[in-house]
Amino acid sequence: MYVSVRDRPAAKTGGVAGRIATTVLLLGVVSMLTDVSSEMVAAVLPLYLTAQAGLGYLGYGLVDGAYQGVSALVRMAGGYAGDRSDRAKWVAVIGYGMSALSKIALLPANGLAAITAVITADRLGKGLRTAPRDALIADASPPHALGRAFGVHRMLDTIGAALGPLVAFLLLAAVPRGYDAVFVVAFAVAAVGLAVLILLVPDRRTNRGTRVRLGDVLREVTGPRLRRPLLACALLGAVTIGDGFLYLAVQQQDRLDVRWFPLLFVGTNLAYLLLALPLGRLADRLGRGRVLLAGHIALLAAYLVAAGPARGPVTLVAVLALLGTFYAATDGVLPALVSRLVAAETRTSGIAAAQTVTVLARFAASVAFGALWSAVGARPGLLVFAMLLATALPVAAVLLRGATLPTGLPGRARGGPNPSPSEPVAPAADPTARP
């Protein structure tokens, strides 16, 4: 296996492996193993907290809120630490390590406060590691292939997300009420992922040794190049509800047996898995801003299908497929877009800023939708959010206009910085791009 401190983009010889840097593939393996671990726990957490730990639904709601939103608190800190130290890998190691240890810490945890503290540590680890990891991916990839690189990483990540719930339920089938066994296996899988990161992933210097000050980061993330994309992220995130609400809506409308509810997560992840790489490649050719907007159009369609009068398996599969398409078109495309709108030495912070804005906006959207559901019901609430999203899309398109040019073609997207001398530079034309 070729591993180097400075991965060179492989020659365009056809096939995914021929185009993707080893660093990206190794980080994909780390994320895959970590997601197997995380999704094992996430899949059993509602049952464990309500039936085993006896917290009740209010207690579960508090823990779930921490699970969904707390990572936003440290994303910018992780980004700044990666840029300031010029050791993005080791910041990511701390984040992955926190998440791994939290799995085994669930064994002795009892009561709402202890369990919430463990879940918070897990999510803080996720928030700390995400931007440094994405900065490593961006640094190891040529500008014209960023969407493809993030697509491959997210594809491997989603394999883990699809496998995790299946492994957990197989364990519970073999050992009824064996939640401790799930936590131990989850810790072991996460530890293997952490070992891959420490031993095999190169320690890349993502900011080329430049000393980064807090003022530099603040000027970059509030500057003209990033201001409009961040506003677009906030606007679109504010009309993006949590997956669980869509799953609950279709489950209630179709009267789906609760035993099958966890498999809805698997269905979305399978769609994401199939589409992450193709949509990443498409983003490189057509423009990342355009694909990001198209993903939100798929989300709009998911709202409308879930709120519509049709029922049955076809409707259920359509919602899962549209939701998976949304994530495939946005999750990896957003950091790929932002990474070329900021200077190399503050790239990690720029990615963290976009992810923080998105997570906070989506958290607010989920709270608002939950209140709306309580007041008027699921279907009217979905229709209201569909209308809001349809209104937000053209505004976001204007905000992203400078970031929608395809980067695999001659010239660079408007507003992007000049590449640093040590960065791989896109050729005059990408042979894989359409004329």
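Residues are numbered from 1 along each chain as its sequence is written, and side-chain values use heavy atoms, with hydrogens and water left out. In this predicted model, local features need pLDDT of at least 70 and side-chain atom pairs count only at pLDDT 80 or more, while totals for chains, interfaces and linings use all residues.

Trp90, Ile198, Leu199 and Leu200 make a nonpolar surface patch of about 380 Å². Helix α7 (residues 179-200) contributes three residues, the largest share of this patch; helices are DSSP runs of H or I with at least four residues, numbered from the N terminus. Ile198 is found in α7 and is partly exposed, with a relative accessible area of 33%. Buried means under 20% relative accessible area, exposed over 50%, and partly exposed in between (1.4 Å probe, protein chains only).

Ile137, in helix α5 (residues 111-140), is buried, with a relative accessible area of 0%. Ile137 touches Val24, Leu27, Ala149, Phe150, His153 and Arg154, not counting residues up to four places away in sequence; contact means heavy atoms within 4.5 Å. The C-alpha atoms of Ile137 and Phe150 are separated by 7.2 Å, and the two residues lie 13 residues apart along the chain.

Helix α12 (residues 288-307) has 20 residues, which at 1.5 Å a residue should span 28 Å. The expected span is 1.5 Å times one less than the number of residues. The end C-alpha atoms of α12 are 29 Å apart, in agreement with that value. Of its 20 residues, 14 are buried, and α12 is thus mostly covered.

Methods:
Patch = residues over 30% accessible without salt bridge, like charges linked within 9 Å, V, L, I, M, F, W, Y side chains within 5 Å. Areas by Shrake-Rupley, 256 points an atom, 1.4 Å probe, with all protein chains shown as cover. Salt bridge = Lys/Arg side-chain N within 4 Å of Asp/Glu carboxyl O. Helix = DSSP H or I, 4+ residues; strand = E, 2+ residues; numbered from the N terminus.
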